[in-house]
Amino acid sequence: MVNFHKPILFSDEAHFWLNGYVNKQNCRIWSEANPQVYVETPLHPEKLTVWCALWAGGIIGPYFFKNDEGHNVTVNGDRYKAMITNFFIPELNNHDAQELWF
């Protein structure tokens, strides 16, 4: 099967802190020397969660998790289900996708 990759759809979400903080779990910065720098950050800074899907047919998204008033919100089961139902499935229906592995 030469085109085994075509029906595979990958998705993920990432958090972006709006105060400029970089999550070192997702981003590695290498240096020859230890800079010995401490950066203080707020305990709960405002952040934005973004979801996106990628497959051979293209990119679906990005989707920004916000509430009805447009404020950034954390992702929970209900919000993720709403994103799948109200955003992902309609977007997927716009593509010529017969069978997919999600």
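Here is a short tour, starting with the ground rules.

## Ground rules

This is a predicted model, where local features need pLDDT of at least 70 and side-chain atom pairs count only at pLDDT 80 or more, while totals for chains, interfaces and linings use all residues. Residues are numbered from 1 along each chain as its sequence is written, and side-chain values use heavy atoms, with hydrogens and water left out.

## The sheet

Let's begin with the strands. An open sheet is built from 3 strands in the order β1-β2-β3, with antiparallel pairing. Here, strands (E, at least two residues) and helices (H or I, at least four) are DSSP runs numbered from the N terminus, and two strands pair if DSSP finds at least two bridges between them. At the edges sit β1 (9-17) and β3 (58-64), each pairing on one side only. On average, neighbouring strands are turned by 15° against each other, direction ignored; axes are lines fitted to C-alpha atoms (for helices over the stretch in contact), and angles run from 0 to 180 degrees between N-to-C directions.

Strand β2 covers residues 47-55 and pairs with β3 over 5 bridges, in the antiparallel sense. Across that pairing, V50 stands opposite F64 in β3. Strand β3 also holds P62, and the peptide bond leading from G61 to P62 is cis, with omega near 10°.

## Aromatic rings

A pair of aromatic rings is described by the distance of the centres and the angle of the planes. Rings of Phe, Tyr and Trp (its six-membered ring) pair if their centres lie within 6.5 Å; planes under 30 degrees apart are stacked, over 60 edge-to-face, and the rest tilted.

The structure holds 4 aromatic pairs. One of them joins W51 and F87 edge-to-face, at 6.3 Å centre to centre and 90° between the planes. W51 is in strand β2 and F87 in helix α1, so this pair ties together parts 36 residues apart in sequence. Both W51 and F87 are buried, F87 with a relative accessible area of 18% (buried means under 20%, exposed over 50%, partly exposed in between, with a 1.4 Å probe and protein chains only).

F87 also forms a tilted pair with Y63, at 5.0 Å and 45°. Since Y63 lies in strand β3, that pair links parts 24 residues apart in sequence. One aromatic cluster is made of W51, Y63, F65, F87 and F88.
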